[in-house]
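Student: I would like to work through this structure step by step, from the overall fold to individual residues. May we begin?

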Amino acid sequence: MKHLLLILAVLTLSACSKINTDNYSKLESGMSKEDVIALLGEPDRCESALAFESCRWGDEETYIDVRFAADNLLAKTSAGL
């Protein structure tokens, strides 16, 4: 019984992840960084270079990467969704 509850808890938590194909498909060029954060939550990491910023939501296996120019979505990629 304990194992079943643990499995159900893990499945429930993973289903709540904002890193999924539905949210990825909602990302559109020109969206503000604020709108992307409202959709995906705070990024796990960001790096800046000149006028560009790249942010990642997720880990090395399952992630959404977004590149911003002047705080607007320029490009997106994903893996493991």
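The discussion below concerns a predicted model.

Student: In what order do the elements of the chain run from the N terminus on?

Tutor: The chain contains 3 helices and 4 strands. Read from the N terminus on, the order of these elements is α-α-α-β-β-β-β.

Student: Which residues touch the most other members of the largest nonpolar core?

Tutor: This core comprises 13 residues, and the members that touch the most others in it are L27, V36 and W57. Two or more residues of the core come from each of α3 (33–40), β2 (52–58) and β3 (63–69). For L27, contacts beyond four places in sequence include V36, L39, L40, I64, V66 and L73, as well as K76. To return to the residues asked for, they are L27, V36 and W57.

Student: Is K33 buried or exposed?

Tutor: K33 belongs to helix α3. Leaving aside neighbours within four places in sequence, its contacts are E53, C55, F68 and D71. The cut-off for a buried residue is under 20% relative accessible area. Because K33 has a relative accessible area of 19%, K33 is buried.

Student: With which side chain does the side chain of D65 make a polar contact?

Tutor: D65 is a residue of strand β3. Apart from neighbours within four places in sequence, D65 is in contact with C55, R56, A75, K76 and T77. The polar contact, at 2.6 Å, joins the side chain of D65 to that of R56.

Student: Why does L74 count as partly exposed?

Tutor: L74 is located in strand β4, residues 72–79. Partly exposed residues lie between the limits for buried, under 20%, and exposed, over 50%. L74 therefore counts as partly exposed, given its relative accessibility of 45%.

Student: Which residues form a nonpolar patch on the surface with L74?

Tutor: A residue needs over 30% relative accessible area to be part of a patch, and the relative accessibility of L74 is 45%. Together, the members of the patch have about 350 Å² of accessible area. Alongside L74, the patch is formed by L50 and F52.

Definitions and conventions. Residues are numbered from 1 along each chain as its sequence is written. This is a predicted model: local features need pLDDT of at least 70, side-chain atom pairs count only at pLDDT 80 or more; totals for chains, interfaces and linings use all residues. Side-chain values use heavy atoms; hydrogens and water are left out. Patches are made of residues with over 30% relative accessible area and no salt bridge: like charges are joined within 9 Å, nonpolar side chains (Val, Leu, Ile, Met, Phe, Trp, Tyr) within 5 Å. Accessible areas come from the Shrake-Rupley method with a 1.4 Å probe; for residues, only the protein chains shown count as cover. A salt bridge is a side-chain nitrogen of Lys or Arg within 4 Å of a carboxyl oxygen of Asp or Glu. Buried means under 20% relative accessible area, exposed over 50%, partly exposed in between (1.4 Å probe, protein chains only). A nonpolar core is a set of buried Ala, Val, Leu, Ile, Met, Phe, Trp, Tyr and Cys residues joined through side-chain atoms within 4.5 Å. Contact means heavy atoms within 4.5 Å. A polar contact is a pair of N or O atoms within 3.5 Å; within protein, one must be able to donate a hydrogen and the other to accept it, and residues adjacent in sequence count only if both atoms are side-chain atoms.
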